[in-house]
Amino acid sequence: MSTQYFKGSLFHTPSHGELEFIKDALLTVDEKGLIQTILEPSDAAYVEHLTNARASNQFVELAEGQYFLPGFIDLHVHAPQWPQAGVALDAPLATWLEKGTFPLEAKYADVNFAKEVYNDLVAHLLSLGTTTVLYFATIHQEASLALAEICGKQGQRGLVGKVVMDLESMNPDFYRDNSVAESLEATESFILAVKELGKDVKQGVYPVVTPRFVPSCSAEALAGLGALAQKYDVHVQSHCSESQWAHDHVIERFGKRDTEVLNDFGLLHDKSVMAHCNFLDESDGEIYMETGTAVAHCPISNGYFANSVFPVKKFKEQGLEMGLGTDISGGYSPSLYENIRQAVISSRMLEDGVDVNVEPENRGVQNSRISVVEAFSLATQGGGEALSLPIGVLKPGYACDLQVIDTNVKNHRISSFGVFEKPEEILQKILYLATKENIRQVWVQGNLVHDKNEGA
């Protein structure tokens, strides 16, 4: 493939909360799908490159009212729970798991059922502008590998984990690993299979070591998974200090905090992403920083099951890496747009407090609110940093992952009627008001993977 060219105004955040807007930017992209250059109209080489672009059959030029955003990065999705999205969220967590989630996940022993669900989910997420996803699959080898294959075929950058949950006392008889040895052997086999698959996938697919969470795994399994993560230098994901119950359970069982236990078993390093983390303290944050571990902040699902609001600003100021997760299906919405909005709302509620019977000065946690631009950073730049991959930012050397947003779609128009025309105001309106219809095209690693203009 020859050089690709993309011309249009773009928004991104080169670092957390730092918004950059480039009007009529011209991007050149190489055959690997990596951005080579980004030129502005004032650059000396702009006219020459634009002439070359217009003579090329690999040229995308945006119309007035259209914008490029980086592809979104979802750091926490339970792929098998897609059929459960929106169901039983008013139930206690134990009921939600035992009556819904575990019986559902057990169905993925049927690989045909798995393929039906996973094909639908991956296509749906791509249509929402989500170009990279960190997936939990199930304990099933064949179905988990099918998810990685589907990501590869549909053009999404997928990081897929075959789940380990072996502790008899904490998992249902009908859905758990048969033994530590079997779960570790299957995990190693899965790692090797996905690594082989990834050699032929342009945008990349990656294996992920995935203990469901500390309460569901034996010490032997956790130790073995830590060793595999180190042996193959692969990503790691799990849940950490999500709820009051999980937080207290780990302390009671090990006499240590969740973070300390995961670290002791070799599961925290610069390719590790831990979901939720609502009960972290500053000492946990220090371990996260020392090891390079990142947080997957899941603002919608936290509202249902986490018993708390995660203090984004506090831990960003401490220096932690962090991105956003939808947590399907503990979070009902597969859209990172909705999670961007909820991240802002939750931070405002944390700062202001919610109990009017408490005096205002004691009601909230001061200096907790974040802006929508900071939440946008989490969904893009923060996610790429969390995964230690060159994604989420539009600059040379990074993957060409793009959303084309059209603010002039009939019945979905996003307009300020000539009043709020500053670039940051335009982005704010997109982030708060965009629907699926406004996302016209999605590109991953320079490949068009979703095209609303063609009825896709």
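Trainee: Let's start with pockets. What volume does the largest pocket have?

Mentor: Begin with the volume, then look at the lining. In this predicted model, the largest pocket has a volume of about 560 Å³.

Trainee: Which residues are closest to its centre?

Mentor: The lining holds 25 residues. Leu93, Leu97, Phe102, Phe213 and Trp245 are the closest to the centre of the largest pocket.

Trainee: Which element gives the largest share of that lining?

Mentor: Helix α2 does, with 6 residues. Both α2 (93-106) and α7 (244-254) supply at least two residues each.

Trainee: And how does the lining of the largest pocket divide by class?

Mentor: Count nonpolar, polar and charged residues. Here there are 12 nonpolar, 9 polar and 4 charged.

Trainee: Now the second largest pocket. How much space lies in it?

Mentor: About 440 Å³. Its lining has 23 residues, and Glu64, Gly65, Tyr67, Thr407 and Ile426 lie nearest the centre. By class, the lining of this second largest pocket has 8 nonpolar, 8 polar and 7 charged residues.

Trainee: Which elements each supply at least two residues to the lining of the second largest pocket?

Mentor: Strands β1 (4-15), β2 (18-29) and β5 (66-70) do, and so does helix α15.

Trainee: On to helix pairs. At what angle do α14 and α15 pack?

Mentor: Read angle, axis distance and handedness together. Helix α14 (residues 372-387) and helix α15 (residues 423-433) pack at about 65°, and their axes are 10 Å apart. The crossing of α14 and α15 is left-handed.

Trainee: Which residues make that contact?

Mentor: From α14, take Val372, Val373 and Phe376. From α15, take Glu424, Leu427, Gln428, Leu431 and Tyr432. The contact of α14 with α15 counts 6 nonpolar, 1 polar and 1 charged residues.

Trainee: Next pair: α4 and α5. Are they roughly parallel or roughly antiparallel?

Mentor: Check the angle against the cut-off. Angles under 35 degrees count as roughly parallel. The axes of α4 (residues 141-154) and α5 (residues 180-198) cross at roughly 20° and come within 11 Å. Therefore α4 and α5 are roughly parallel to each other. Their crossing is right-handed.

Trainee: Which residues of α4 and α5 meet?

Mentor: Gln141, Ser144, Leu145, Ala148 and Glu149 lie on the α4 side. The α5 side brings Ala186, Ser189, Phe190, Ala193, Val194 and Leu197. By class, the contact of α4 with α5 has 7 nonpolar, 3 polar and 1 charged residues.

Definitions and conventions: Residues numbered from 1 in each chain as written. Predicted model: local features only at pLDDT ≥ 70, side-chain atom pairs only at ≥ 80, totals over all residues. Heavy atoms only, no water. Axes fitted to C-alpha atoms, helices over the stretch in contact; angles between N-to-C directions. Helix = DSSP H or I, 4+ residues; strand = E, 2+ residues; numbered from the N terminus. Left-handed = near helix turned anticlockwise from the far one by under 90°. Contact = heavy atoms within 4.5 Å. Nonpolar A, V, L, I, M, F, W, Y, C, P; charged D, E, K, R; others polar. 1 Å grid on protein atoms, 1.4 Å probe; cavity = no way out; pocket = protein on both sides within 12 Å on 5 of 7 lines; lining within 4 Å. Points joined across faces, edges and corners; volume = space filled by probe spheres on them. Parallel < 35°, antiparallel > 145°, perpendicular 65-115°, else oblique.
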